[in-house]
Amino acid sequence: MRPHVGGAWSRALAVAMLALSAPVALALDGDAILRQVDRKLNPESYEMYRKLINIEPDGRKKEFVLFSVKKGRDAMIALFLDPPSEKGRATLRLGDNMWLYIPNVGKPLRITSLQSVVGGVFNNADIMNLDYSVEYRVEKAAEEGAAYSLELKARSGTVAYDRLKMRVDRASLTPTLIEAYAASGLLIKTLRFKDIKDFGNGIKRPATMETDSPLYKGYKSIMLYANIKPRKLPDEVFTLDYLPRAGELR
Amino acid sequence: MRGAWLLAPCLLAIAAAAFAQDDYSFDVGQFEKKPFEFGGYAELRAEHFRLDPDAALYQLNFFDREPVTEYNAGIGALQLEGLYRQGISSFRFVGYGVYADDYRGSDSATRVYEAHLTLAPSDRATFDLGKKTLSWGKGYAFNPVGFVQRMKDPNDPELAREGFVIAGGNLIRSFDGPLKTVAFTALVVPTSDRVNEDFGPGDNANPAVKLTLLYRDTDIDLLVLGEGARSARYGFDFSRNLGSNVEIHGEWAHLTEITRPVVNAAGTVTTVTQSANSYLLGARYLTETDLTAILEYYYNGAGYSEDEARTFFQTIHDAYAAGDTALLERLRAAAQPALLRPNPMQRYLYLRLSQKDPFDILYFTPALTVIANLDDGSRSVAPELLYTGVTNLELRLRVFFLSGNRLSDFGEKQNDQRLELRGRYYF
């Protein structure tokens, strides 16, 4: 009886393909996924409006409205439009450098990324966040059902959170959940993304981010996004001397 | 009927969901840019002073007045800010009015802090004309390089200050590489009998320049004020982040021909003129538990030495004990430009600790500020409670405790304690 050569070859081929494909499936390019997540969230250079809502355990709320512009990998300005007590405050970020301009003080003061200019669960790093791939490298990536699970490590000691655990929806390539940890391993906060919305210009991303923190039990902060648009600006806008004029950018 | 009971929670849930949806709505149209912006704050302040009748500065202020050992003051203040934009030009106005009532009666004052026209023909260039508040230097509580501004009150460093009439321009260029930004500011602060008379005497242009660099993640300023109503002075400052929670900064200034009135043991007032170097080194540190510490060491080379200050204070005590009002009047005039200013001596340490949201109380910030005179060991300690939980309302309670030996800086201040309750509403 003639052996079933075709079947043996098919099995051998299948085994070989499996052997070849298995490492590919295991070695996900986490950094490439992270870069795609960044581009899904925002164009590299853009303007946008955000509303921050801090909610206390008794339901009381405090709201802030910001206008932001970002250029390239690491330049960003956020200008407070509301409430009046914060109006005119502006923060500038250039890479790891961050400054706060308070109109009464009359000059930008250097601040650190872990400080908070608004109180509540959000800190400066959440408000002035650059692309994740600029600040973090992916140490571990895995597929978990309909999601990617990424473990991120800060590229430098000046980044606000030492480690992030990010869950990314595979279909939309947008984050659904991020846990932020200090170098000590302490969970600082959890960010939850929801309400996928089409902002136009090819930008389809979550319009809401909710944050809570074990450091602020019962408190919650929400960030709502609006009018995200690509925008080109000269580098001179992202300087200390320009910061008092940030209102002219609108 | 039973169905209605079952339906009620569902309706409530839907209503709650609809309500929640409304709460999270964001209508950007409300925040459209307008050509005219208006804002400001109204403030009410209640203060209680406990005075030290044995202190030199009490005796200097009260030798010709009805003595009091403690008193209350009520203060109402209003700050109005307006901005009008038209094309490349804008006009900014900041006005401040204050009404105060204490044991001396009531008094009021209004000041124009800022009123200037700005032309911005491009993102890289601006030109200013009018009264503008400049703020040079990186220090939080002190600014040795603050050549073109009024002195900061270290007890309230973030308070708005009145500007000077200036004419000037600013150019900015950005680059790739280690030198990221270069900005150049040139201005004149003209003085005459009618303009900027409190900047200094005489008809002078008072030119000043500032070169700002962002080099390898360090802010650097080189600053010069030319000879004029004030003596020539130059300096530099820097600041830099060392990590996500540490910032360091510093300033150095060389001041030529600085004068200060000194008193000898016989009560003769003479003026000392000398060049002086002043500097500041500071850091801001944030702990994982949201405690912010600001620490600054300030060396004021133009200030009184410990011996000079002791002699000044002792002469006041002697004149007061002898009832020599003529000498006390001369000493008061001599003390006005230097000894009565905040931090008139040479070596100071400033420490401010503020804890954000302790005990899970959001928008609540207790703080402690210590200003210590390292020459004589005297100090001011000010605990503070700040609450900003109600939108646009800021409530602050603080107490100052001044202590030190006789003939020391804080030991000879007019008051030993000051309690201050301030409510400020922004609009």
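Chain A exposes about 10,200 Å², and carbon and sulfur atoms supply 55% of that area (accessible areas come from the Shrake-Rupley method with a 1.4 Å probe, and for residues only the protein chains shown count as cover). This is a predicted model, in which local features need pLDDT of at least 70 and side-chain atom pairs count only at pLDDT 80 or more, while totals for chains, interfaces and linings use all residues. Residues are numbered from 1 along each chain as its sequence is written, chains are lettered from A and ligands numbered from 1 in the order in which they are written, and side-chain values use heavy atoms, with hydrogens and water left out.

**Chain A overall**

- Chain A holds 4 helices and 13 strands (DSSP runs numbered from the N terminus: helices are H or I with at least four residues, strands are E with at least two).
- Of the 250 residues in chain A, 58% are buried (buried is under 20% relative accessible area, exposed over 50%, and partly exposed in between, with a 1.4 Å probe and protein chains only).

- L173(A) counts as buried because its relative accessibility is 13%.
- T174(A) belongs to strand 10 (residues 174-181), and it counts as buried because its relative accessibility is 1%.
- The side chains of T174(A) and S172(A) make a polar contact at 2.7 Å (a pair of N or O atoms within 3.5 Å; within protein, one must be able to donate a hydrogen and the other to accept it, and residues adjacent in sequence count only if both atoms are side-chain atoms).

**Other loops of chain A**

- The peptide bond from D82(A) to P83(A) is cis, with omega near 0°, and P83(A) is in the loop between strand 3 (75-82) and strand 4 (90-94).
- N201(A), in the loop between strand 11 (187-200) and strand 12 (203-213), has a positive phi of about 55° although it is not a glycine.
- N201(A) counts as exposed because its relative accessibility is 59%.

**Interface with chain B**

- The contact (heavy atoms within 4.5 Å) takes 69 residues from chain A and 67 residues from chain B.
- Chains A and B have 4 salt bridges between them (a side-chain nitrogen of Lys or Arg within 4 Å of a carboxyl oxygen of Asp or Glu).
- E37(B) forms a salt bridge with K87(A), with the closest N and O atoms 3.9 Å apart.
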